[in-house]
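Colleague: I would like to learn how to read a structure one feature at a time. Could we go through one together?

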Amino acid sequence: MTTLPFSSLPFSRAILDNLDNLGYQTMTPIQAQGLPLIVEGRDLIAQAKTGSGKTAAFGLGIVHSLNVALSATQSLVLCPTRELAEQVANELRRLARALGNTKIITLCGGTPIRPQVESLKFGAHVIVATPGRLMDHIDRGTVDLSGIRTLVLDEADRMLDMGFYDDVTHIVSVCPDKRQTLLFSATYADDIRKASARFMKKPAEVKVESVHNASQIEQLFYEIEPDRRLATVALLLEHFRPVSTLAFCNTKAQCRELSEVLESRGFSALALHGDLDQREREDVLIQFANQSCSVLVATDVAARGLDIQTLDAVINVDVTPDPEVHIHRIGRTGRSEAKGLALSLCTPDEMRWANQIEKYQGQPLIWANPKNLKSAAGGSLNPPMITLCVQGGKKDKLRPGDLLGALTKDAGFSADQIGKINILEFVSFVALNRQIAKEAFAKLSNGNIKGKRFRMRFMSDI
Ligand code: ADP
Ligand code: MG
């Protein structure tokens with residue numbers, strides 16, 4: 001069932017060829033279960049863990065039914081945060097390459113509204129939006145939703161957690177009654193049931209079993225005393241030496257405390273929690289995703305939906321009382337080919353929750369002895385890269401190739417010494433191999449990029 005080809009569905013040749021180019025050979029389980037219903041035009045509630053391919057599931061539905069010859073906005077995707085909206089829009093653009101000239105725009109807060117208004121005047125086939133900013137456009141009369149045929153609520157549980165229920169209700173009421181509504185969620189709590197009853201017509205439901213294959217994730221539990229918790233996290237990092245680790249805490253306060261303890265011990269760690277503003281959050285995520293930061297310390301809500309491909313380890317700093325949340329947490333590692341490592345710290349008080357997890361996953365937990373954790377040779381755990389922030393972005397017409405060119409052609413570095421390049425509106429981030437960082441900084445700040453000189457600084461101590 002999990003190896004169905006996309007060609008088993010009534011997709012056009014162009015869509016199938018494009019999927020081939022993207023390297024999507026078979027459907028993921030949520031796509032295999034969901035897409036036939038989506039293509040039929042049914043309303044659908046789909047539940048599956050992060051990273052299971054939900055975006056392409058609704059994205060292919062949208063692309064399949066889109067009429068590019070019509071300039072009206074035909075599909076609307078609501079996402080809880082700007083960065084999820086950007087991720088979804090990018091995936092939709094990749095899928096829509098099959099169709100040629102498709103206009104997909106994002107309407108999110110945290111950026112000026114005027115350019116969005118201008119952009120809307122030229123029409124958009126698909127809008128990906130956060131509820132707050134879309135409400136602004138509805139109030140101003142700058143968006144026309146009367147042609148919507150497919151409405152997608154992505155990460156619906158998180159959207160409701162964030163207090164967007166009333167906004168979503170209003171937005172739905174502005175969309176035509178005759179439409180298809182697709183709701184995607186990692187969990188299926190009561191408020192989702194309530195929302196779906198209100199927004200959907202006889203929805204079909206699909207759910208992909210969330211228990212992982214033990215051969216993909218090595219899962220170890222450590223029993224510790226509460227006062228050893230944070231120190232043991234440091235020991236785990238020194239022992240296993242993962243390049244990228246996501247450490248889950250149950251509270252914001254603990255997130256902060258742990259990242260401070262790790263920083264003071266010379267690790268590069270950043271905290272991700274609800275108190276960060278959009279820009280701070282973006283800075284943190286970029287540095288983690290480009291391997292300039294070894295450990296991201298996060299609460300469950302803050303980490304939801306992040307699409308981070310290279311995660312060597314997940315550490316549960318405390319055991320969560322909800323076994324389903326535990327399964328989501330550890331499912332972040334061990335995706336695709338790579339084998340993942342999931343490490344959980346458990347105090348005597350939390351033992352009952354560990355027992356619940358054992359029951360839920362139907363496999364005995366493996367307990368390891370924290371006394372056997374040793375700092376492996378090789379000194380402190382440094383991330384391979386460091387992030388350079390250049391004070392110029394899309395507004396200056398900078399493109400990734402300009403920065404790469406300045407570093408390779410002009411400064412003489414090899415492309416494999418340069419990591420991810422992210423161009424934002426006003427600034428750009430370039431990941432540099434630590435070994436070349438100082439020299440690259442000197443050459444880049446004294447030279448020209450696209451004929452201009454830009455100010456720049458490192459995002460962390462070098
Ligand atoms: P979710 O929304 O369920 O968290 P995403 O839609 O972000 O997951 O997908 C996770 C990753 O899997 C993305 O990088 C996407 O490009 C990739 N992906 C999705 N569908 C397929 C497929 N059928 N084959 C290969 N890769 C896929
Ligand atoms: Mg998603």
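Modeller: We can start with a single residue and ask where it sits. Ala376 is placed in the loop between β14 and β15 (385-390). Keep in mind throughout that this is a predicted model.

Colleague: Is Ala376 buried or exposed, or something in between?

Modeller: The general idea is to compare relative accessible area with two cut-offs: under 20% is buried, over 50% is exposed, and the range between is partly exposed. Ala376 has 27% relative accessibility, so it counts as partly exposed.

Colleague: Where do Gln361 and Ile327 lie?

Modeller: Gln361 belongs to helix α15 (residues 351-361), and Ile327 to helix α14 (residues 323-330). Gln361 counts as buried because its relative accessibility is 11%. Ile327 is buried too, at a relative accessible area of 2%.

Colleague: Where are Glu155 and Gln291 found?

Modeller: Glu155 is in the loop between β5 (150-153) and α7 (156-161), and Gln291 is in the loop between α12 (278-289) and β11 (295-298). Glu155 has 9% relative accessibility and so counts as buried. Gln291, with a relative accessible area of 24%, is partly exposed.

Colleague: Now the rings. How many aromatic pairs does the structure hold?

Modeller: There are four aromatic pairs. To read one, look at the distance between the ring centres and the angle between the planes. Phe221 and Trp367 have centres 5.4 Å apart and planes at 55°, which makes the pair tilted.

Colleague: Why is 55° called tilted?

Modeller: Planes under 30 degrees apart count as stacked and planes over 60 as edge-to-face, so the rest are tilted. The angle of 55° for Phe221 and Trp367 belongs to that remaining group.

Colleague: Which parts of the chain does the pair of Phe221 and Trp367 link?

Modeller: This pair links distant parts of the chain: Phe221 is in strand β8 (residues 217-223) and Trp367 in strand β14 (residues 367-368), 146 residues apart. Phe221 counts as buried because its relative accessibility is 0%, while Trp367 counts as partly exposed at 37%.

Colleague: Which charged residues sit over a ring?

Modeller: Here the position of the charged end is read against the ring centre. The charged end of Lys194 sits over the ring of Tyr165, 4.8 Å from the centre of that ring. Lys443 lies over the face of Phe413, at 5.2 Å from the ring centre.

Colleague: Last, the ligand. How many residues surround ligand 1?

Modeller: Begin with the shell, then turn to individual contacts. The shell has 16 residues, and the closest are Tyr24, Thr26, Gln31, Gly51 and Thr55. By class, two are nonpolar, nine polar and five charged. Helices α3 (54-65) and α4 (82-96) each supply at least two residues of this shell.

Colleague: Which atoms of Ser52, Gly53 and Thr55 lie by an oxygen atom of ligand 1?

Modeller: For Ser52 it is a backbone N or O atom, 3.1 Å from a ligand oxygen. For Gly53 it is also a backbone N or O atom, at 3.2 Å. For Thr55 it is a polar side-chain atom, at 2.6 Å. On its own, ligand 1 has 570 Å² of accessible area, and the protein covers 81% of that.

Methods:
Residues numbered from 1 in each chain as written. Chains lettered and ligands numbered in written order. Predicted model: local features only at pLDDT ≥ 70, side-chain atom pairs only at ≥ 80, totals over all residues. Heavy atoms only, no water. Phe/Tyr/Trp six-rings, centres within 6.5 Å; stacked < 30°, edge-to-face > 60°. Helix = DSSP H or I, 4+ residues; strand = E, 2+ residues; numbered from the N terminus. Buried < 20%, exposed > 50% of the residue type's maximum accessible area, 1.4 Å probe, protein only. Lys NZ or Arg CZ within 6 Å of the ring centre and 35° of its normal. Near = heavy atom within 4 Å. Polar contact = N/O pair within 3.5 Å; in protein donor to acceptor, adjacent residues only side chain to side chain. Areas by Shrake-Rupley, 256 points an atom, 1.4 Å probe, with all protein chains shown as cover. Nonpolar A, V, L, I, M, F, W, Y, C, P; charged D, E, K, R; others polar.
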